[in-house]
Amino acid sequence: MIKAGFDLLCADTSTDIVVLAGDTTRDGELASHAEFIEMLRDLKKRGKRVYVITATHDYRDGGVADGYDGDKKIQVPAVEERHDLWQMYYEFGPNEAIATHPDSMSYVVQLAPGYRLFALNDDTNYKPEGESGSGYSDDCMAWILDQLEDARKNDQFVIAMTHHPMIAPSPFYAIIGKGDMQRNHETTREIFADNGLQCMLTGHTHIHDISVVETKKGNTFYDIACGAMIGCPPTMRNITLDPAHAKVDVETVTITDVPAGHRRQAF
Ligand SMILES: [Fe+2]
């Protein structure tokens, strides 16, 4: 299904840029990363610009994950040290960044004149006492705010991506998925929106949703959550930045057909 999705991306000549907001593998398996990186390189060979952040499913404490030899479950090597991912995916964003925060593995790229992408990795191991989950360290937040100030001074529109949700994609998720929300999301989204970051692309939940909140100062913050290419239905987002009308158009692309050549077994 992922290969079918990549075929759609390759065939779409109107799409210049592909962004991916983390969890490129199941549990950080080295073989899965190697295969996926080759698929991303193929996209670049087709002329796409590709920007990636990684997330919590892309490494595994202990460096071992479950794999399969036929039907038999086996142990396979996985990425153990999360910082190794910065080098592994360096060619997909960090290499052309105008600013980086290597500790969190976040970066900023210039998408086009007047448009910047903030690629914000929230898989941090930084967990203040008594707190758990994803989010940004104090140092990373300070860096993001510096970057937002620079964007403001230079009259740049900012679109961002991170992995974990900043607005619950459904009221139900707010209850059952509370621990999956980004840590401090209510405070962080308020700070972001009031400093010029109002459009965040997220992943993780596999739920396709656009939600909006208004800050106390009256600014809006959008969480554009994208369902997964391995979800049901398998989805992608197609986003058009439209400076002439000061608009961000978002549409859904559904992978409706998986060619036989991409099937590992009949189903
Ligand atoms: Fe995730």
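Which residues of the largest nonpolar core touch the most other members? This core has 38 residues, and Leu40, Tyr89, Tyr107 and Met161 are the ones with the most contacts to other members. A nonpolar core here is a set of buried Ala, Val, Leu, Ile, Met, Phe, Trp, Tyr and Cys residues joined through side-chain atoms within 4.5 Å. Buried means under 20% relative accessible area, exposed means over 50%, and partly exposed lies in between, with a 1.4 Å probe and protein chains only.

The model is predicted, and local features need pLDDT of at least 70, side-chain atom pairs count only at pLDDT 80 or more, and totals for chains, interfaces and linings use all residues. Residues are numbered from 1 along each chain as its sequence is written, and side-chain values use heavy atoms, with hydrogens and water left out.

Helices (H or I, at least four residues) and strands (E, at least two) are DSSP runs, numbered from the N terminus. Leaving out residues up to four places away in sequence, Leu40 touches Phe6, Leu20, Val50, Val52, Tyr89 and Phe92. Contact means heavy atoms within 4.5 Å. Another core lies apart from this one; it has 20 residues, among them Leu120, Tyr136, Cys140 and Ala160.

The model has 1 cavity of 30 Å³ or more, and the volume of the largest cavity is about 60 Å³. A cavity is a set of points, on a 1 Å grid over the protein atoms alone, where a 1.4 Å probe fits but cannot get out; lining residues have an atom within 4 Å of a point. Grid points are joined across faces, edges and corners, and a volume is the space filled by probe spheres set on the points. The lining consists of Val52, Ile53, Thr54, Leu85, Trp86, Tyr89, Pro94, Met105, Tyr107 and Asn121. Strand E2 (49-53) and helix H3 (84-88) are the elements that give two or more residues to this lining. By class, 8 of the lining residues are nonpolar, 2 are polar and none is charged. In this classing, Ala, Val, Leu, Ile, Met, Phe, Trp, Tyr, Cys and Pro count as nonpolar, Asp, Glu, Lys and Arg as charged, and the others, Gly among them, as polar.

The next feature is the metal site. The iron ion has the protein donors Asp23 (OD), His163 (NE2) and His204 (ND1), which lie 2.1 to 2.2 Å from it. Donors are N, O and S atoms within 2.8 Å of the metal (3.2 Å for Na, K and Ca); water is not among the atoms, so sites may look incomplete. Along the chain, the donors follow the spacing D-x139-H-x40-H. Asp23 is in the loop between strand E1 (17-21) and helix H2 (30-45), and His163 is in the loop between strand E8 (157-161) and helix H5 (171-176), so the pair ties together parts that are 140 residues apart in sequence. Asp23 is partly exposed, at 23% relative accessibility, whereas His163 is buried at 1%.

Asp23 also has a phi near 60°, a positive value in a residue other than glycine. Most residues other than glycine have a negative phi, and most peptide bonds are trans. His206 also has a positive phi, of about 65°. His206 lies in the loop between E9 and E10 and is partly exposed, with a relative accessible area of 46%. The peptide bond from Cys232 to Pro233 is cis, with omega near 0°, and Pro233 is in the loop between E11 and E12.

Two helices show how buried residues are covered. In helix H1 (residues 2-11), Ala4, Gly5, Phe6, Leu9 and Cys10 are buried, and what covers them includes E1, H2 and strand E12 (235-242). In helix H6 (residues 185-194), the buried residues are His185, Thr188, Arg189, Glu190, Phe192 and Ala193. These pack against helix H4 (138-153), strand E9 (199-202), strand E10 (209-214) and strand E11 (220-225).

Phe221 lies in strand E11 and is buried, with a relative accessible area of 0%. Beyond its neighbours within four places in sequence, Phe221 is in contact with residues including Arg189, Phe192 and Ala193.

Key
1 Å grid on protein atoms, 1.4 Å probe; cavity = no way out; pocket = protein on both sides within 12 Å on 5 of 7 lines; lining within 4 Å.
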